[in-house]
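Keep the viewer open as you read.

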Amino acid sequence: MSVDLALQGGGSHGAFTWGVLDALLEDGRLQFDGVSGTSAGAMNAAVLASGWAKGGAAGARQALAGFWHAVGGAGGCWAPQAPGMSSAALPAWVFNRDQWPGFALWESWLKLWSPAQLNPFKLDPLRELVTAHVDIEAIKQGPIKLFIAATSVRTGQPRIFDASDLSIDALLASACLPQSAQTVVIDGEPFWDGGFSGNPALWPLTYGTSSDDVLLVQINPRVHEGIPQTAAEINDRVNEITFNASLVAELRAIAFVKKLLKHQQIDATHYKNLRLHRIADEAGLAPFDASSKLNTDPRLLQQLFELGRAAAARWLRDDLASVGQRSSMDVEHLFLAPRGS
């Protein structure tokens with residue numbers, strides 16, 4: 001069975017997607033036609049496609065594990081130390097940096113400076129990491145079509161990089177948050193994180209692959225109960241809403257096209273009747289707040305990986321049979337509720 005993958009970004013929470021992909025690859029019943037990814041989703045997509053091109057499903061699993069172990073290989077970013085404690089023994093709040101003493105003061109100081117001022121020598125450990133784990137030429141010759149989203153700083157529009165122009169720079173552009181990384185310039189055009197305009201972009205899968213099934217791996221929360229009170233909480237929720245907005249808009253458009261196709265109001269030979277699927281665990285990810293997305297503690301990554309594997313196992317058990325037959329994601333319930341409810 002063939003599906004397209006749509007992988008959201010979310011910093012270290014991309015380890016959840018690693019777990020999902022690991023379980024799907026281990027199961028082996030799905031083939032991936034195309035993958036659209038943004039930010040951490042772009043990294044997962046590129047490592048997956050690179051590993052698959054060299055060694056099939058087993059190669060992809062090995063490549064993803066190698067990448068994420070390298071991400072956490074130097075320990076956590078400002079991580080609390082708990083020697084001898086396993087991943088399972090640590091509660092989620094330990095990894096939420098905004099709950100650590102002095103974090104607010106430190107973050108306030110950092111906001112006084114731009115990435116260019118803080119890093120005048122342009123040190124870029126992410127570039128070294130991506131270069132070591134992604135083989136661009138192998139991806140271009142491999143069977144999985146890749147679509148990587150970045151946002152043009154000049155126009156605010158999404159730019160989709162595919163086999164014709166994929167590069168390490170394109171992957172870094174997709175993950176470039178301007179508050180923490182220097183703007184990536186490609187052919188004279190400046191780019192920021194793709195999440196501002198497509199997280200992930202679905203339309204390339206509609207027009208660029210033959211599969212009619214799209215499996216979304218979602219890591220950004222749709223719903224956030226309660227009213228944010230602190231400045232950090234407000235900023236985090238604004239970012240969550242912003243980084244989901246483009247996805248919601250695309251799903252609304254897809255639902256509208258499906259409705260028109262159902263009532264034979266448009267030419268079915270010109271539009272795909274997409275079957276949509278979704279793997280997520282909003283309850284499982286809820287204890288890890290937005291500040292943990294910048295924490296690369298390997299124990300956090302392991303917890304997220306295990307959550308992802310469990311979520312994929314549930315989807316394989318309950319919804320795999322829907323692939324090729326019908327949508328298993330209720331778009332209307334999840335994303336098309338009456339506005340304001």
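**Helices, cores and selected residues**

Helices α1 and α2 cross in a right-handed sense. Their axes lie 8 Å apart, at an angle of about 20 degrees. Angles under 35 degrees count as roughly parallel, and α1 and α2 are therefore roughly parallel to each other. On the α1 side, the contact is made by Gly14, Ala15, Thr17, Trp18, Leu21, Asp22, Leu25 and Glu26. On the α2 side, Ala40, Asn44, Leu48, Trp52, Ala57, Ala60, Arg61, Leu64, Ala65, Trp68 and His69 take part. By class, the contact of α1 with α2 has twelve nonpolar, four polar and three charged residues.

Keep in mind that this is a predicted model. The protein chain has 341 residues, and buried residues make up 48% of them. Its secondary structure comes to twelve helices and eight strands. Take the contacts in the chain with a separation of 6 or more: residues 24 or more positions apart account for 77% of them.

Now return to α1. Helix α1 covers residues 14–27, and helix α11 covers residues 298–319. The two pack with their axes 6 Å apart, at an angle of about 45 degrees. From α1, the contact uses Ala15, Phe16, Trp18, Gly19, Val20, Asp22, Ala23, Leu24, Glu26 and Asp27. From α11 come Leu301, Leu304, Phe305, Leu307, Gly308, Arg309, Ala311, Ala312, Trp315 and Leu316. Sorted by class, the contact of α1 with α11 has 14 nonpolar, two polar and four charged residues.

Helix α2 also packs against helix α5, which spans residues 125–133. The axes of α2 and α5 come within 9 Å and cross at roughly 155 degrees. Angles over 145 degrees count as roughly antiparallel, and α2 and α5 are therefore roughly antiparallel to each other. The crossing of α2 and α5 is right-handed. Here α2 supplies Met43, Val47, Ser50, Gly66, Phe67, Ala70 and Val71. They meet Leu126, Leu129, Val130 and His133 in α5. The contact of α2 with α5 has eight nonpolar, three polar and no charged residues.

Next, the nonpolar cores. Which residues have the most contacts inside the largest nonpolar core? They are Leu5, Leu24, Phe32 and Leu171, in a core of 66 residues. Helix α2, residues 40–71, gives the largest share of this core, with 15 residues. Leu5 shows how the core is joined across the sequence. Beyond its neighbours within four places, Leu5 is in contact with Leu21, Leu24, Phe32, Gly34, Val35, Ser36, Leu48, Leu205 and Leu215. A second, separate core has 18 residues, including Ile160, Ile254, Met329 and Val331.

Some single residues follow. Thr206 sits in helix α8, residues 203–208. Is Thr206 buried or exposed? Its relative accessibility is 18%, so Thr206 counts as buried. Leaving aside neighbours within four places in sequence, Thr206 is in contact with Lys272 and Leu274.

Ser152 lies in strand β3, residues 145–152. Ser152 counts as buried, because its relative accessibility is 7%. Not counting residues up to four places away in sequence, Ser152 touches Gln157, Glu189, Pro190 and Phe191.

Asp169 is found in helix α7, residues 168–174. With a relative accessible area of 26%, Asp169 is partly exposed. Leaving aside neighbours within four places in sequence, Asp169 is in contact with Arg127, Val184 and Ile186. Asp169 and Arg127 are 42 residues apart along the chain, and their C-alpha atoms are separated by 8.2 Å.

Gly198 is 51 residues away from Ala249 along the chain, and their C-alpha atoms are separated by 9.7 Å.

Conventions:
Residues numbered from 1 in each chain as written. Predicted model: local features only at pLDDT ≥ 70, side-chain atom pairs only at ≥ 80, totals over all residues. Heavy atoms only, no water. Axes fitted to C-alpha atoms, helices over the stretch in contact; angles between N-to-C directions. Helix = DSSP H or I, 4+ residues; strand = E, 2+ residues; numbered from the N terminus. Contact = heavy atoms within 4.5 Å. Nonpolar A, V, L, I, M, F, W, Y, C, P; charged D, E, K, R; others polar. Core = buried A, V, L, I, M, F, W, Y, C linked by side-chain atoms within 4.5 Å. Buried < 20%, exposed > 50% of the residue type's maximum accessible area, 1.4 Å probe, protein only. Parallel < 35°, antiparallel > 145°, perpendicular 65-115°, else oblique. Left-handed = near helix turned anticlockwise from the far one by under 90°.
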